[in-house]
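Please consult the sequence and the structure while reading.

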Amino acid sequence: MENIFDAKVAQNYIDRINQLTAETQRKWGTMSVDQMLAHCNVAYETIYEPQRHQKPKPFTALLLKWFVKPGVVSQKAYRQSIPTAPMFVIRSGKNFEDEKKRLIGYIQKTQQLGSEAFDGKPSHSFGKLSAKQWNNMLAKHLNHHLAQFGV
């Protein structure tokens with residue numbers, strides 16, 4: 001798994017994002033490119049703007065931790081067209097340039113903070129994660145959606 005905390009790797013993600021245009025078409029799924037960028041931003045919003053999203057209720061959090069977390073933080077790639085958690089569903093169109101700029105900013109901020117800032121940091125849905133788990137989760141999600149749009 002690529003290390004999102006590495007400056008070269010982070011720049012590679014940014015370069016891939018910069019290959020997207022507002023007209024880029026998906027290879028699978030239902031999201032438009034602007035919705036995909038907004039969808040990817042949700043993962044970072046839960047880190048940097050947690051007040052924007054309601055935390056799961058205790059029972060749901062327990063289920064997420066037991067059944068969803070292992071697949072999300074592992075190095076195994078996501079399948080195409082897997083179900084999306086409700087808070088990640090983007091129903092309306094978004095401003096492509098705004099979402100792109102936000103995502104690039106989040107990637108840069110994450111890289112600059114480094115793995116030390118994430119080691120033991122609690123996630124919105126899964127409790128405390130190691131820096132490696134954070135890396136796997138964020139890198140895998142970006143790779144999945146950038147591949148969805150052919151970059």
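Q: By the rule for salt bridges, to how many does the count come?
A: This is a predicted model, and side-chain atom pairs count only at pLDDT 80 or more. A salt bridge requires a side-chain nitrogen of Lys or Arg within 4 Å of a carboxyl oxygen of Asp or Glu. By this rule, the count of salt bridges is four.

Q: Which residues are linked in a network of salt bridges?
A: Arg52 is bridged to Glu45, with the closest N and O atoms 3.5 Å apart, and to Glu49, at 3.3 Å from N to O. Glu45 also forms a salt bridge with Arg102. The network as a whole links Glu45, Glu49, Arg52, Glu99 and Arg102.

Q: With which residues is Glu99 in contact, leaving aside its neighbours within four places in sequence?
A: Glu99 lies in helix α4, and its relative accessibility of 9% means that it counts as buried. Beyond its sequence neighbours, the contacts of Glu99 are Asp34, Leu37, Ala38, Asn41 and Lys94.

Q: Why do the buried residues of α4 line one face of the helix?
A: Helix α4 has 18 residues and spans 26 Å from its first C-alpha to its last, close to the 26 Å expected. Its buried residues are Phe96, Glu99, Lys100, Leu103, Ile104, Tyr106, Ile107 and Thr110. Seen down the axis of α4, these residues line one face because they fall within an arc of 155°.

Q: Which exposed residues are carried by the face of α4 turned away from its buried side?
A: The buried residues of α4 pack against α1, α2 and α5. On the face turned away from that buried side, the exposed residues are Lys101 and Gln112.

Q: Within what arc do the buried residues of α1 fall?
A: Helix α1 comprises residues 7-18 and reaches 16 Å between its first and last C-alpha atoms. The buried residues of α1 include Val9, Tyr13 and Ile17. Seen down the axis, the buried residues of α1 line one face of the helix because they fall within an arc of 160°.

Q: Which helices are included in what covers the buried residues of α1?
A: Among the buried residues of α1 are Ala10, Ile14 and Arg16. Their cover includes α2, α4 and α5.

Q: With which residues is Ser123 in contact, leaving aside its neighbours within four places in sequence?
A: Ser123 is found in strand β1, residues 122-123. With a relative accessible area of 7%, Ser123 is buried. Apart from its sequence neighbours, Ser123 is in contact with Leu129 and Trp134.

Q: What is the accessible area, together, of the nonpolar patch on the surface?
A: One of its residues, Trp66, is found in helix α3 and counts as exposed at 54% relative accessibility. The patch is formed by Phe59, Leu62, Leu63, Trp66, Phe67 and Val68, and their accessible area together is about 650 Å².

How values were computed: Residues are numbered from 1 along each chain as its sequence is written. This is a predicted model: local features need pLDDT of at least 70, side-chain atom pairs count only at pLDDT 80 or more; totals for chains, interfaces and linings use all residues. Side-chain values use heavy atoms; hydrogens and water are left out. Patches are made of residues with over 30% relative accessible area and no salt bridge: like charges are joined within 9 Å, nonpolar side chains (Val, Leu, Ile, Met, Phe, Trp, Tyr) within 5 Å. Accessible areas come from the Shrake-Rupley method with a 1.4 Å probe; for residues, only the protein chains shown count as cover. Helices (H or I, at least four residues) and strands (E, at least two) are DSSP runs, numbered from the N terminus. Buried means under 20% relative accessible area, exposed over 50%, partly exposed in between (1.4 Å probe, protein chains only). The expected span of a helix is 1.5 Å times one less than its number of residues. The arc is that of the directions from the helix axis to the C-beta atoms. Contact means heavy atoms within 4.5 Å.
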